[in-house]
Amino acid sequence: MAMHYASSPVMFEYPSPKPCRAFPKTTPFFGFPIAASSEPSIRTTSLISANRTFKIRCQERVVVPLDQRWMFEGSEIKGVDIWNKTWYPKASDHVNTDKPWYIVDATDKILGRLASTIAIHIRGKNLATYTPSVDMGAFVIVVNAEKVAVSGKKRTQKLYKRHSGRPGGMKVETFDQLQQRIPERIIEHAVRGMLPKGRLGRALFNHLKVYTGPDHPHEAQKPVELPIRDKRIQKQT
């Protein structure tokens, strides 16, 4: 038994697509209200369905308000995310000729506490612009290196070792012996151990100038007194 069906056209009506949700004119994206640009960026996409054309309006570009542009420079005014740019020092921020010079008298100062204070200023850790991978520190001059002090029995028990590189070439001497032979090497050895190991540490070590006696050849650099905050750095007699 055959059944015949009448063919009739079926029309489907597509609802109009909803436009993209527009952001408000002001949004706390940067921590303060930001006004929309007077010239929003519009990207038009044509959708042909049932002889209709639709336009999709994309998110409007935001800029810093006029009354707050004095806080920014150049391209930052029109930037989209100006707060998430990490600052990194440029070559002009750490020129050696612009760095300060400090001087410290090592007379009756504890070796370890003096060396840590010197290393902090050579490394630049006392600065707000401190960057671990950049030489941001100052130059430090140490005078009267032969009068540096140690606590306890370190004068006779602390050992300094060196090796010539040949079999049986190990040389060992005490703190007292090295202080009588080369007193500058004691402070240099202590500070070197507190600096980074590698190319940066070798460059930073050149900022240390150690001399015996009260005289030094760096008067032209006009060094100032090294600020010492450790109250226990001076040996109590």
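The model is predicted, so local features need pLDDT of at least 70 and side-chain atom pairs count only at pLDDT 80 or more, while totals for chains, interfaces and linings use all residues. Residues are numbered from 1 along each chain as its sequence is written, and side-chain values use heavy atoms, with hydrogens and water left out.

Helices (H or I, at least four residues) and strands (E, at least two) are DSSP runs, numbered from the N terminus. Two strands pair if DSSP finds at least two bridges between them.

Strand β3 has partners in both β4 and β8. With β4, the pairing is parallel and runs over five bridges. Here Y102 stands opposite V140 of β4. With β8 (residues 224-225), β3 is joined by two bridges, again in the parallel sense. In β8, V224 is the bridge partner of Y102, and E225 stands opposite I103. Residues are called buried under 20% relative accessible area, exposed over 50% and partly exposed in between (1.4 Å probe, protein chains only). Four of the five residues of β3 are buried, so this strand is largely enclosed by the rest of the structure.

β3, α1 and β4 make a right-handed β-α-β unit. A crossover is right-handed if, with the strands pointing away from the viewer, the path from the first strand over the helix to the second runs clockwise. The helix of this unit, α1, has 13 residues. It reaches 18 Å from its first C-alpha to its last, close to the 18 Å expected at 1.5 Å a residue. The expected span is 1.5 Å times one less than the number of residues. Buried residues of α1 include L111, L114, A115, I118 and I122. H121 and R123 are also buried. G124 follows the helix, and its phi is positive, near 85 degrees.

The loop between α1 and β4 holds Y130. This residue is partly exposed, at a relative accessible area of 28%. Contact means heavy atoms within 4.5 Å. Not counting residues up to four places away in sequence, Y130 touches R123, G124 and K125. Y130 and P89 are 41 residues apart in sequence, and their C-alpha atoms are 9.0 Å apart in space.

Helix α4 (residues 184-192) has I186, I187, A190 and V191 as its buried residues. They cover an arc of only 120 degrees around the axis, which puts them on the same side of α4. The arc is that of the directions from the helix axis to the C-beta atoms. An α-helix has 3.6 residues a turn, so residues three or four places apart point the same way. The buried residues of α4 pack against α1, β4, β5, α3 (175-181) and β7 (208-210).

The structure holds five salt bridges. A salt bridge is a side-chain nitrogen of Lys or Arg within 4 Å of a carboxyl oxygen of Asp or Glu. One of them joins the side chains of D135 and K99, at 3.1 Å from N to O. This pair links distant parts of the chain, 36 residues apart. D135 lies in the loop between α1 (111-123) and β4 (139-143), whereas K99 lies in the loop between β2 (34-35) and β3 (101-105). D135 counts as buried, at 14% relative accessibility. K99 counts as buried at 8%.

Another salt bridge is formed by R162 and E173, whose closest N and O atoms are 3.2 Å apart. The two residues are eleven residues apart and again link distant parts of the chain. R162 is in strand β5 (residues 159-163), and E173 is in strand β6 (residues 170-174). R162 is partly exposed, with a relative accessible area of 38%. E173 is buried, at 11%. The side chain of E173 also meets that of R181 in a salt bridge, at 2.7 Å from N to O. R181 counts as partly exposed, at 41% relative accessibility.
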